Amino acid sequence: NEFGVISDKHGEVTATTNTGKGGLTIDNGSYLIYGLKDGTFDLILAKYGYGNYKRFGIPVINFENTELSGIDTIGKVSTTIITGLSTTFNQTDSTWSVECNVSPVPDVDHPRGIRLFFSKNPYVNATDYEYSPVNKWMATTATGAINGITKANLLMNGFNKGDTVYVVAYGESFYSNVYVDPVSQKKVYPNVNAENPSNVSLLVL
């Protein structure tokens with residue numbers, strides 16, 4: 001579920017290639033796709049209410065079975081809503097903090113994830129961004145505070161001194177089916193609450 005508890009160990013997850021051929025997972029969670037000719041294929045795993053997972057460039061050679069590993073969990077799409085996003089510069093250690101409101105209200109047993117996206121574009125969003133930190137933040141109270149954002153880190157990720165940097169936040173589930181789009185070379189975050197981004201805030205490097 002959204003909080004990291006595996007609630008459905010098999011279920012109907014659709015596995016589809018870019019050719020349209022596909023099938024459903026079976027009781028042990030595995031799946032088979034028959035009838036693929038030699039070539040390279042892209043795979044999409046999908047289930048209603050969950051974030052799609054994609055893997056690209058999977059080879060099939062001499063009609064032999066191709067076994068994939070590392071795909072054992074897909075996470076739900078988040079229902080978390082982030083509002084009231086603001087940034088504060090901390091004079092004592094020259095870092096920024098990002099504060100926001102989180103709903104529904106989380107607690108220690110039901111933490112809610114916050115994913116940040118940064119850009120020089122004031123219309124920054126989850127698909128049009130320049131930098132997103134590796135880690136999401138897990139909030140356990142109705143007010144989230146993300147501390148320790150350094151100038152050095154932003155400078156190492158495409159920004160320059162004097163830039164106005166815009167930031168937006170999204171709710172994100174505990175499990176994230178992140179993958180890299182082969183065209184844009186950007187990470188895609190299918191488990192964020194894409195319909196409910198926060199307001200955009202800014203900081204100046």
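This is a predicted model: local features need pLDDT of at least 70, side-chain atom pairs count only at pLDDT 80 or more; totals for chains, interfaces and linings use all residues.
Let me start with a term: a residue is buried at under 20% relative accessible area, exposed at over 50%, and partly exposed in between, using a 1.4 Å probe and counting protein chains only. Hi everyone, with that settled, here is the model.

Local features need pLDDT of at least 70, side-chain atom pairs count only at pLDDT 80 or more, and totals for chains, interfaces and linings use all residues. Residues are numbered from 1 along each chain as its sequence is written, and side-chain values use heavy atoms, with hydrogens and water left out.

First, the overall layout. The chain has one helix and 13 strands; these are DSSP runs numbered from the N terminus, with helices being H or I of at least four residues and strands E of at least two. Reading from the N terminus, the order is β-β-β-β-β-β-β-β-β-α-β-β-β-β. Of the 205 residues in the chain, 36% count as buried. If you take contacts (heavy atoms within 4.5 Å) between residues at least 6 apart in sequence, 61% join residues at least 24 apart.

Now to the inside. A nonpolar core here is a set of buried Ala, Val, Leu, Ile, Met, Phe, Trp, Tyr and Cys residues joined through side-chain atoms within 4.5 Å. The largest one has 20 residues, and I114, L116, F118, I149 and L154 have the most contacts inside it. At least two residues of this core come from each of β5 (81-90), β6 (95-103), β7 (112-119), β9 (143-150) and β10 (164-172). The most come from β6, which gives four. Take I149 as an example: setting aside neighbours within four places in sequence, I149 is in contact with T95, W96, V98, L116, F118 and L154.

Finally, some backbone details for you to find on screen. Most residues other than glycine have a negative phi, and most peptide bonds are trans. Where are the exceptions?

You will find S94 in the loop between β5 and β6, and S94 counts as partly exposed because its relative accessibility is 42%. Q185 also has a positive phi, near 60 degrees, and is in the loop between β11 (179-180) and β12 (187-188). At 56% relative accessibility, Q185 counts as exposed.
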